[in-house]
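Subject: Structure handover and what was found in it

Dear colleague,

Here is the structure I promised to pass on, with my notes below it. Please read the notes with the model open beside them.

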Amino acid sequence: MLAFKSGETRLLVATTVVEVGVDVPDATIMVIEHAERFGLAQLHQLRGRVGRGDEASSCILLYKGPLGETAKARLSILRDSEDGFLIAEEDLKLRGEGELLGTRQSGTPGFRIASLEAHADLLEIARKDASYLLDRDPDLMTPRGEAVRTLLYLHRRDEAIRFLRAG
């Protein structure tokens, strides 16, 4: 890595570990093999390893077709935008929300009524209200706390109670 950074070595072949903390301003070309296998956030991070200096840069995405609809959408979004916030929003739309309390990091939304994208303002209010409740009744023993326990049970989310103190 030091030889690459100093310019002594002109080519670096690496795994996706280069995504984290590699800052070589003279790096101008990146080739990502099997780009269809990566998520949008990871592709965006990898692409960000080049073009940090004054020289023009390129990121070449190699992929094996035929592409599925999701892979096609990911590569198209990455081609059309360098805006990290837009890319994150599109990634959320493609992958889904996953679970707020649980282990699923992506997939079908865990909310039965709300959509993270469409109801972000209401979910923020709900988050603040939940925080307020937990500050005053961490064991959910008040009448309101009992009502929350019942609601969690009815929505088959009562296992979430053990995560309440996790923050």
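Leaving aside its neighbours within four places in sequence, Leu43 is in contact with Ile32, Ala35, Phe38, Leu61, Leu75 and Leu78, where contact means heavy atoms within 4.5 Å. Leu43 also belongs to the largest nonpolar core, which has 19 residues, and together with Met30 and Ile32 touches the most other members. A nonpolar core is here a set of buried Ala, Val, Leu, Ile, Met, Phe, Trp, Tyr and Cys residues joined through side-chain atoms within 4.5 Å; buried stands for under 20% relative accessible area, exposed for over 50%, and partly exposed for what lies in between, with a 1.4 Å probe and protein chains only. At least two residues of this core come from each of β1 (29-32), α2 (40-47) and α3 (69-80), and the largest share, four residues, is supplied by α3. In soluble globular proteins, nonpolar side chains tend to be buried together.

Before going further, please keep in mind that this is a predicted model, in which local features need pLDDT of at least 70 and side-chain atom pairs count only at pLDDT 80 or more, while totals for chains, interfaces and linings use all residues. Residues are numbered from 1 along each chain as its sequence is written, and side-chain values use heavy atoms, with hydrogens and water left out.

As for the overall layout, the chain has six helices and two strands, which follow one another from the N terminus as α-β-α-β-α-α-α-α. Helices (H or I, at least four residues) and strands (E, at least two) are DSSP runs, numbered from the N terminus. Of the 167 residues in the chain, 22% are buried, and among the contacts with a separation of 6 or more, 46% are between residues 24 or more positions apart.

Which charged side chains pair up? Six salt bridges are counted, a salt bridge being a side-chain nitrogen of Lys or Arg within 4 Å of a carboxyl oxygen of Asp or Glu. One of them joins Asp23 and Arg52, at 3.3 Å from N to O. Asp23 lies in the loop between α1 (2-6) and β1, and Arg52 in the loop between α2 and β2 (58-61), so this pair ties together parts that are 29 residues apart in sequence. Asp23 is partly exposed at 37% relative accessibility, and Arg52 is likewise partly exposed, at 35%.

Another salt bridge, at 3.9 Å from N to O, is formed by Lys72 and Glu69; these two are three residues apart in helix α3 and are therefore separated by about one helical turn. Lys72 counts as partly exposed at 43% relative accessibility, whereas Glu69 is exposed, with 61%. In helix α5 (residues 120-136), Glu124 and Arg127 are also three residues apart, about one turn of the helix, and their closest N and O atoms are 2.8 Å apart in a salt bridge. Both are partly exposed, Glu124 at 33% relative accessibility and Arg127 at 47%.

The second largest pocket has a volume of about 750 Å³. On a 1 Å grid over the protein atoms alone, a pocket is an open set of points where a 1.4 Å probe fits, with protein on both sides within 12 Å along at least five of seven lines, and lining residues have an atom within 4 Å of a point; the volume is the space filled by probe spheres set on the points. Its lining consists of 28 residues, of which Leu12, Val13, Ile29, Met30 and Val31 lie nearest the centre. The elements giving two or more residues to this lining are α1 and β1, and β1 gives the most, with four.

Finally, some backbone details deserve a look in the model. Gly65 and Pro66 are joined by a cis peptide bond, with omega about 0°, and Pro66 sits in the loop between β2 and α3. His34, although not a glycine, has a positive phi of about 55°; His34 is found in the loop between β1 and α2 and is partly exposed at 34% relative accessibility. Leu140, also not a glycine, has a positive phi of about 55°; Leu140 lies in the loop between α5 and α6 (143-154) and is buried, at 2% relative accessibility.

With best regards
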